[in-house]
Amino acid sequence: MCDDIEILGIDEAGRGSVLGPLVVAGVIIPEKMHSIVERMGVKDSKRLSPSRRTVLSRKLKKMFTYETVILTAQDIDRKRAEGINLNEIEREAMEEIILKIKPQKAILDAVDIKAERFQEKVAKSTGYDVIAEHKADDTYIEVGAASIIAKQTRDEIIAEINKEYRKIGGIGSGYPSDPTTKKFLTRYTYDEMPDFVRKSWATVAKMKD
């Protein structure tokens, strides 16, 4: 691998959430910068504190070429109503980033249970050299960096929504297992749900009946 090879790492945040967006981020980290990024403490975003993620995300955005695709709850519901499943929704977003940045190679955190199948689909659709692996954010620094940007971008959006709803206790993290999120959802009937609720999610759809 040459120093000047442009490798794009892509990851997402908010896949399993019932509230808020799904964020897909891509960032290019030249190989010659790997040691610097490692010293900064870049690793999978889930292992970092929110304050550390904020600092690292800002640094990464200043230092490197990056792109994000933000899919709102309404975007996700609309696509699912059109018969596009979540894996395909994410794949389209990843392909959009690849085609925008035009890297020499892209490394993706595979969302399909069969990583090889996912890799083939993205490579065929974009025409780019692609590697897709499960837990790629643990293995490749580019994907770890993308994970930080995706998570931080989503965190900022959720924080804004929480501010708006703080008088009733906020919305929590947006994940179905979060007691604050669960409590928030019980305040509404299906038809009254705010637009940041994924109404196609089983947790919410069952409230229709």
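This is a predicted model: local features need pLDDT of at least 70, side-chain atom pairs count only at pLDDT 80 or more; totals for chains, interfaces and linings use all residues.
Residues are numbered from 1 along each chain as its sequence is written, and side-chain values use heavy atoms, with hydrogens and water left out. Local features need pLDDT of at least 70 and side-chain atom pairs count only at pLDDT 80 or more, whereas totals for chains, interfaces and linings use all residues.

Helix H4 spans residues 86-101, helices being DSSP runs of H or I with at least four residues, numbered from the N terminus. From its first C-alpha to its last, this helix of 16 residues reaches 23 Å, close to the 22 Å expected at 1.5 Å a residue, where the expected span is 1.5 Å times one less than the number of residues. At the start of H4, a side-chain oxygen of Asn85 comes to within 3.1 Å of the backbone nitrogen of Asn87, and the helix is followed by Lys102, which has a positive phi near 55 degrees. The buried residues of H4 include Leu86, Ile89, Ala93, Met94, Ile97, Ile98 and Ile101, and also the charged residues Glu90, Arg91 and Glu95; buried means under 20% relative accessible area, exposed over 50% and partly exposed in between, with a 1.4 Å probe and protein chains only.

Side chains of opposite charge can pair when their charged atoms come close. Across the whole structure, a search finds twelve salt bridges, each defined as a side-chain nitrogen of Lys or Arg within 4 Å of a carboxyl oxygen of Asp or Glu. One of them joins Glu88 and Arg91, with an N to O distance of 2.5 Å; these residues stand three apart in helix H4 and are thus separated by about one helical turn. Arg91 is buried, at 14% relative accessibility, and a network of salt bridges links Glu88, Arg91, Glu95 and Lys121.

In helix H3 (residues 73-81), Arg78 and Asp75 are likewise three residues apart, about one helical turn, and their side chains meet in a salt bridge of 3.4 Å, N to O. Within this pair, Arg78 is partly exposed at 44% relative accessibility, while Asp75 is buried at 18%. Helix H7 (residues 141-164) holds Glu160 and Lys163, three residues apart, which form a salt bridge with their closest N and O atoms 3.2 Å apart. Both ends are partly exposed, with relative accessible areas of 47% for Glu160 and 48% for Lys163.

The structure also holds four aromatic pairs, for which rings of Phe, Tyr and Trp (its six-membered ring) must have centres within 6.5 Å, planes under 30 degrees apart counting as stacked, over 60 as edge-to-face and the rest as tilted. The rings of Tyr165 and Phe184 have centres 5.3 Å apart and planes at 85 degrees, so this pair is edge-to-face. Tyr165 lies in the loop between H7 and helix H8 (179-185) and Phe184 in helix H8, so that the pair links distant parts of the chain, 19 residues apart. Tyr165 is buried at 16% relative accessibility, and Phe184 is buried at 1%.

Phe184 also pairs with Phe196, and because the ring centres are 5.8 Å apart and the planes at 25 degrees, this pair is stacked. Phe196, in the loop between H8 and helix H9 (202-205), is twelve residues from Phe184 and is buried at 10% relative accessible area. Tyr165, Phe184, Tyr188 and Phe196 form one aromatic cluster.

Two charged side chains complete the description. The charged end of Arg198 sits over the ring of Trp201, 4.8 Å from its centre, and that of Lys199 over the ring of Tyr190, at 4.7 Å; this requires NZ of Lys or CZ of Arg within 6 Å of the ring centre and within 35 degrees of the ring normal.

Terms used:
Helices (H or I, at least four residues) and strands (E, at least two) are DSSP runs, numbered from the N terminus. A polar contact is a pair of N or O atoms within 3.5 Å; within protein, one must be able to donate a hydrogen and the other to accept it, and residues adjacent in sequence count only if both atoms are side-chain atoms.
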